[in-house]
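Hello,

Here is the structure for your files. My notes on salt bridges and the domain interface follow below it.

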Amino acid sequence: MALKNLLALVVLLALVGVSIAKPYGNPLGNPRVKGDLDLDYYRFKCPQVESIVRRVTFQYVSRRPTLAAALLRMHFHDCFVRGCDGSVLLKSPNNDAERDAPPNLTLKGFEVVDAVKSVLERKCPGVVSCADVIALVARDAVSVIRGPWWPVPLGRRDGRISRLSEANLPSPFADIKTLKNNFRVKGLNTKDLVVLSGAHTIGVSSCGLISSRIHNFTGKGDFDPAMNPSYVRTLKKRCKPTDVRTPVDMDPGSARRFDSHYFNIVAQKKGLFISDSALLNDFDTNLYVQSQVLTRGASFNKDFSDSMVKLGFIQILTGRKGEIRRRCAFVN
């Protein structure tokens, strides 16, 4: 009789869509950041979710590989403001949402998230959150360009609030002390800071973000002494003082490959941003940079995967908090 009752319970759980397979505890050490996710969260409610995300993401990123960096950046920007709740996707009629903040005006790839969500809504209406979609798309986009793979525990819910005033993201102009604090308050440690900085191995920036650094660092027509002088000369040829649009690789020589080459660039004082160069100004971050150079990135892929899992747990909404948006750009 007990066996029959147990079997009946398993069937009931399957019918209501409760996953009992792979709970994934929150890896963040910050006691204020709570909540668990599940690798099989959609096992019964939408079993095709990962294959759908993978297929649609591949369709877009295989045609435009630069989207990999853009979608990874979107996930990072989402998680660092109000947590991984999809709030970066929300539009505002008053242009005062997160995506209207200066750091987010250059975000790209919204069409990929929307395309994935559209397919999921046809297959499993009202089930898969936009927050989970962003997390999966970022992972799968990196995989398309043969970058590392990491598990994405699921079960996040979508936030209903998105404010431009709260989009205080880690700045490319920040020093190491500020960066460490930015990460610490989110439950991420110094290793996560330097490892996730390695995402700069793919993608591009623009001359506008480095103009003062190479042309007029202290207001005297000089350049940042933390930069390699020969690299500054190269950048000056590409970026004239008034040029704000020309693209610049963040990892020159390897910007299309996800690898550890970024750390070689930083070690050579060719980091594009002040925040890149700042990694040499702390014992622990500098040690990690040098270790990746010496070992040719032996641990980078695994380290990156581990830190991405931690990133995906920042201030998550679970249970009855938040909602499951039908359209990612608008609350229900």
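Glu-323 and Arg-160 form a salt bridge, with the closest N and O atoms 3.2 Å apart. A salt bridge here is a side-chain nitrogen of Lys or Arg within 4 Å of a carboxyl oxygen of Asp or Glu. Glu-323 sits in the segment after helix H13 (300-311) and Arg-160 in the loop between H5 and helix H6 (176-184), so the pair ties together parts 163 residues apart in sequence. Helices are DSSP runs (H or I, at least four residues), numbered from the N terminus. Glu-323 is buried, at 7% relative accessibility. Arg-160 is exposed, at 51%. The cut-offs: buried is under 20% relative accessible area, exposed over 50%, partly exposed in between (1.4 Å probe, protein chains only).

Before the rest, the ground rules. This is a predicted model: local features need pLDDT of at least 70, side-chain atom pairs count only at pLDDT 80 or more, and totals for chains, interfaces and linings use all residues. Residues are numbered from 1 along each chain as its sequence is written, and side-chain values use heavy atoms, leaving out hydrogens and water.

The salt-bridge count comes to 14. One of them pairs Glu-50 with Arg-139, closest N and O atoms 2.9 Å apart. Glu-50 lies in helix H2 (residues 49-61) and Arg-139 in helix H5 (residues 130-144), so this pair links parts 89 residues apart in sequence. Arg-139 is buried, at 1% relative accessible area. Glu-50 is partly exposed, at 24%. Shared partners join Glu-50, Arg-139 and Asp-140 into one salt-bridge network. Asp-259 and Arg-257 also meet in a salt bridge (3.6 Å, N to O). Arg-257 is partly exposed, at 49%.

Now the domains. An automatic or database domain assignment sets the bounds: domain 1 is 48-166 and domain 2 is 176-308. Their contact (heavy atoms within 4.5 Å) takes 13 residues from domain 1 and 13 residues from domain 2. The area buried between them is about 1,100 Å², with 79% from carbon and sulfur atoms. That area is the accessible area (1.4 Å probe) that two parts lose on being put together, summed over both. Phe-80, Pro-148 and Trp-150 supply 44% of what domain 1 buries against domain 2, more than any other three residues.

How many salt bridges cross the interface of domain 1 and domain 2? The rule finds 0.

Best wishes

How values were computed. Helix = DSSP H or I, 4+ residues; strand = E, 2+ residues; numbered from the N terminus.
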